[in-house]
Amino acid sequence: MFKPFMKQNIQKNNQDVMLIISENSHNAEIVYKHLCLKGIDNSKIIYKNPLKITADDIKYNIQAVILDAGNLTGTIEYCNLIQRIFPKTIPCVILGENDSIRIHEDFLSSGIFYLNWETQLDQIYEKIFNFSENIQNKKSIKISFLGTKGGCGNSFLSYQIALIIYRRFQSLILNVQGSESSFNLDLLSGKVFEKECINNEVSLYKESKEEAYNYHNQKHFKFNFILYDHSIQAAQKEIIETILNESDIAILTITGDIDSLRKAKEVLRINEFLKSVHQGSKKIYICFNHNHLNPKNSFHISDIEELIQTKIDAMIPYQNIDKASPSTLAKAKTLQALEILADKLIGVSNTKAKKWF
């Protein structure tokens, strides 16, 4: 019997595969033969250390993934890998030599099956075919872009970073337009939609006022990355606390205007308090966006850092957006600055060796 996550032609379409990843060819062949004995003949093997896998290595539509973790001692690196690259709607099985109950429970709490090589190998088929989607346990990475002033370019930044993350991981990405924001995602993306636009690249969603600041929307659970575009210039303390508590990462989009800097300082102060009681965003990045070519009455960067009492993490050069075609992609220096910001946000550089944080 086929499960909803599996296609009816799974054993005939070579593009829909059970993916086995192992740098140990002997182990990979054992898993492959085990699946064949169960009647599954559409498995593919990638002979590589699973922790060094990138989106470019995966050329198939995956129905399930089996990772050979060898003698692993912890779960964080594998959870981060699966969280970023593999769809949340498929079963992920990790095989390891460690028989620790703690490791088993840590993986299971993240929606990942862990089996011991010596005693549980014969359970692979059962874990895959009895899989029911429990994607609520598979954590999405939630990144909130907080616009501190109207017209600061927050929507532009959130959408451009969403595109960069998609290009790097080829995973499911959602860009959420907050109910109080400019609602420009349709213009920036060049996609006409009323409520949502689900596609193979960056999916888009517009929050209504009734569902404002909802970080637990069940329709969003399947996405690996969720980027929220919120305008907080008029947000009260309680709203800011909610955003910070629910976000893995927050980006404060600021300009050189005094109102923007005052709001940024307020948010930083709130997050410091939340951290003192073990809450708040794990990390806040300050992004200075040159949203005007020749800004007037604007502070110098050193003055801004002194005023908000923290360093600026990213500076985005001015890019003229053609009002007739606002969906134009970031260019040259602007794109380079956005790539550097993405490096900081997701802990993976496009040019350096891949590292999971």
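In this predicted model, strand 8 (residues 196-197) and strand 9 run antiparallel and are joined by 2 bridges. The two strands form a hairpin, with 4 residues between them. Within this pairing, cysteine 197 has leucine 204 of strand 9 as its bridge partner. Strand 9 also pairs with strand 7 (residues 173-177), in the parallel sense and over 5 bridges; here valine 176 stands opposite tyrosine 205.

| Partner of strand 9 | Sense | Bridges |
|---|---|---|
| Strand 7 (residues 173-177) | parallel | 5 bridges |
| Strand 8 (residues 196-197) | antiparallel | 2 bridges |

Strand 9 (residues 202-206) is largely enclosed by the rest of the structure, because 5 of its 5 residues are buried. In a regular strand, side chains alternate between the two faces of the sheet. Val202, Leu204 and Lys206 point one way from strand 9, Ser203 and Tyr205 point the other way, and all are buried.

The largest nonpolar core has 59 residues, of which Phe86 and Ile161 touch the most other members. Helix 6 (residues 154-169) supplies the largest share of this core, 10 residues. Another core, of 30 residues, lies apart from it and includes Leu174, Ala235, Leu244 and Ile312. Leaving aside neighbours within four places in sequence, the contacts of phenylalanine 86 include Leu19, Ile58, Leu81, Cys92 and Asn224.

The axes of helix 6 and helix 11 (residues 332-346) come within 10 Å and cross at roughly 70 degrees, which means that helix 6 is roughly perpendicular to helix 11. Among the residues making this contact are Phe156, Ile161 and Arg168 of helix 6 and Leu338, Glu339 and Ile346 of helix 11. By class, the contact has 12 nonpolar, 2 polar and 4 charged residues.

Note on methods
Residues are numbered from 1 along each chain as its sequence is written. This is a predicted model: local features need pLDDT of at least 70, side-chain atom pairs count only at pLDDT 80 or more; totals for chains, interfaces and linings use all residues. Side-chain values use heavy atoms; hydrogens and water are left out. A nonpolar core is a set of buried Ala, Val, Leu, Ile, Met, Phe, Trp, Tyr and Cys residues joined through side-chain atoms within 4.5 Å. Buried means under 20% relative accessible area, exposed over 50%, partly exposed in between (1.4 Å probe, protein chains only). Contact means heavy atoms within 4.5 Å. Axes are lines fitted to C-alpha atoms, for helices over the stretch in contact, and angles run from 0 to 180 degrees between N-to-C directions. Angles under 35 degrees count as roughly parallel, over 145 as roughly antiparallel, 65 to 115 as roughly perpendicular and the rest as oblique. Ala, Val, Leu, Ile, Met, Phe, Trp, Tyr, Cys and Pro count as nonpolar, Asp, Glu, Lys and Arg as charged, and the others, Gly among them, as polar. Two strands pair if DSSP finds at least two bridges between them.
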